[in-house]
Amino acid sequence: MAWVNTSPLVKTYTLEEFWALPDPPDHSKLELIAGVLYMSPPPEYTHDNIVKRLIRLLTLELARLGNKGSLYAPRAAIWTSKRTYLEPDLFYVSAETEARLHPEHRTTADLVIEVISPGSAIYDRNTKADTYAALGVKELWLVDEIKEIVEVRTLGGDRYGEGELFGKGDQLASNVMPAMTIAITKIFED
């Protein structure tokens with residue numbers, strides 16, 4: 001792709017340069033981590049359906065719990081400094097965390113959810129997950145659309161511990177919201 005340079009040996013970007021980039025011709029998703037430009041292919045229909053179900057399930061659970069935090073959908077971002085900008089598939093910020101953040105600049109979240117697609121699996125499981133840990137995101141859900149499992153990683157210090165796997169038939173357990181219950185089957189089926 002000649003439209004932009006993605007090699008950090010040739011070019012790194014500031015947030016202002018990142019925001020000025022043209023949209024990728026193949027509609028790939030662009031993110032910036034420590035000035036390095038990352039591209040992942042656009043999501044498939046299955047990915048979008050899982051995000052839709054998660055929005056519905058989490059909204060209902062947050063309302064049931066009387067939770068005053070905020071759930072952010074695709075295109076909302078977590079960005080820090082002048083060199084990192086991430087767009088999780090979904091993320092939740094508690095009222096307590098939100099009170100500490102600038103109202104127009106989210107630098108962390110309590111929970112981030114990434115739906116793992118075949119084209120983004122390595123990036124989401126490693127580079128992006130490590131970045132979320134460095135940003136202090138307390139919990140990360142990696143939703144595998146192919147295996148139909150959810151891996152829940154909890155922050156311990158500056159790294160995520162080994163993830164706990166939840167499959168069909170299981171009830172998802174969250175450390176960030178311990179009273180919340182979500183049947184894994186409902187994430188993958190209408």
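Ala, Val, Leu, Ile, Met, Phe, Trp, Tyr, Cys and Pro count as nonpolar, Asp, Glu, Lys and Arg as charged, and the others, Gly among them, as polar.

First, the ground rules. This is a predicted model, where local features need pLDDT of at least 70 and side-chain atom pairs count only at pLDDT 80 or more, while totals for chains, interfaces and linings use all residues. Residues are numbered from 1 along each chain as its sequence is written, and side-chain values use heavy atoms, with hydrogens and water left out.

Let's start with the empty space. Rolling a probe the size of a water molecule over the atoms shows where empty space is left. Here is how a pocket is defined. Work on a 1 Å grid over the protein atoms alone: a pocket is an open set of points with protein on both sides within 12 Å along at least five of seven lines. A cavity, by contrast, is a set of points where a 1.4 Å probe fits but cannot get out. Lining residues have an atom within 4 Å of a point. Points are joined across faces, edges and corners, and the volume is the space filled by probe spheres set on them.

How much space lies in the largest pocket? About 640 Å³. Its lining has 33 residues, and the closest to the centre are S28, K29, L30, R75 and E87. Several elements give two or more residues to that lining: α1 (15-20), β1 (29-33), α2 (45-64), β7 (111-116) and α4 (121-134). Those labels are DSSP runs, numbered from the N terminus: helices are H or I with at least four residues, strands are E with at least two. Now use the opening definition. The lining divides into 15 nonpolar, 7 polar and 11 charged residues.

Next, charge pairs. Side chains of opposite charge can pair when their charged atoms come close. A salt bridge here is a side-chain nitrogen of Lys or Arg within 4 Å of a carboxyl oxygen of Asp or Glu. The whole structure has 15 of them.

Take E87 and R75. Their side chains meet in a salt bridge at 3.4 Å, N to O. The pair links distant parts of the chain, 12 residues apart: E87 is in the loop between β5 (84-86) and β6 (90-93), and R75 is in the loop between β3 and β4. Buried or exposed? We call a residue buried under 20% relative accessible area, exposed over 50%, and partly exposed in between, using a 1.4 Å probe and protein chains only. E87 counts as buried because its relative accessibility is 6%. R75 counts as exposed because its value is 65%.

E151 is in strand β9 and R125 in helix α4, 26 residues apart. E151 is at 12%, so it counts as buried. R125 is at 21%, so it is partly exposed.

R125 comes up again with R153. R153 lies in strand β9 (residues 149-156). Its relative accessibility is 14%, so R153 counts as buried. The side chain of R153 reaches the backbone oxygen of R125 at 3.1 Å. That is a polar contact: N or O atoms within 3.5 Å, where one must be able to donate a hydrogen and the other to accept it within protein, and where residues adjacent in sequence count only if both atoms are side-chain atoms.

Now a charge without a partner. What is the nearest side chain of opposite charge to E139? K138, and it is 10 Å away. For that count, Lys and Arg are positive, Asp and Glu negative, and His and the chain ends are left out. E139 is buried yet has no salt bridge. E139 sits in strand β8 (residues 139-144). Its side chain does reach the backbone nitrogen of N175, at 2.7 Å.

Last, the backbone. Most residues other than glycine have a negative phi, and most peptide bonds are trans. H27 is not a glycine, but has a positive phi of about 65 degrees. H27 is in the loop between α1 and β1. At 63%, H27 counts as exposed. E148 also has a positive phi, about 55 degrees. E148 is in the loop between β8 and β9.
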